Amino acid sequence: WSWASRPEAPFSDTVVVATNDPNHETVRLVLEERSAVPPVPPPPTPLIAFPADSAHFSVGDTILVAWQDFQACSPIEYRLQISRNAAFTEVVCCQEFVRLPGLEVIVDQGDEGPAWWRIVPRWVGGSTGLPSPARMWVVD
């Protein structure tokens with residue numbers, strides 16, 4: 001038997017197998033490409049510590065947003081998202097990923113009304129996981 005594969009794709013999904021016997025036909029085998037490394041599961045969903053759902057704040061307040069940190073199991077980054085609606089189709093603030101279990105949010109003029117927020121986890125430099133369940137706060 002002789003083996004050949006397409007040179008442009010050394011790990012291609014098709015391998016041509018040919019015999020040296022002219023009376024045999026060339027056989028084409030289709031192989032599945034497999035990774036030697038199993039897929040990485042998503043990072044754990046953050047558990048919110050505070051503020052409580054439906055908390056009230058005023059312009060000028062500093063809100064401490066905190067969640068359970070999973071750094072002990074692996075390097076995880078977190079992103080705070082704030083939206084004007086529960087569906088997060090109108091995100092008004094999206095913090096860059098940080099490796100901290102909390103952030104301070106300063107309430108500015110124009111932030112009045114309800115806002116929904118959640119925390120999105122991500123492996124450092126990798127894939128994101130499911131966000132925390134959304135919570136709401138109201139700025140009076």
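Cys94 is partly exposed, at 37% relative accessibility; partly exposed lies between buried (under 20% relative accessible area) and exposed (over 50%), with a 1.4 Å probe and protein chains only. The model is predicted: local features need pLDDT of at least 70 and side-chain atom pairs count only at pLDDT 80 or more, while totals for chains, interfaces and linings use all residues. Residues are numbered from 1 along each chain as its sequence is written, and side-chain values use heavy atoms, with hydrogens and water left out.

**Cysteines**

- Cys93 is also partly exposed, with a relative accessible area of 31%.
- A disulfide is a pair of cysteine sulfur atoms within 2.5 Å, and by this rule the count is zero.
- The closest cysteine sulfur to that of Cys93 belongs to Cys94, and because the two are 7.2 Å apart, they are too far from each other for a bond.
- Cys94 is accordingly in no disulfide.

**The sheet**

- Five strands form an open sheet with mixed pairing, in the order β5-β11-β10-β7-β8; strands are DSSP runs (E, at least two residues), numbered from the N terminus.
- The edges are held by β5 (55-57) and β8 (91-94); each has a single partner strand, so one side of each lacks a neighbour in the sheet.
- From one strand to the next, the twist averages 30°, where axes are lines fitted to C-alpha atoms and angles run from 0 to 180 degrees between N-to-C directions.

**Pairing of β5 and β11**

- Two strands pair if DSSP finds at least two bridges between them.
- β5 pairs with β11 (residues 135-139) in the parallel sense, over three bridges.
- His56 has Val138 of β11 as its bridge partner.

Technical notes
Helices (H or I, at least four residues) and strands (E, at least two) are DSSP runs, numbered from the N terminus.
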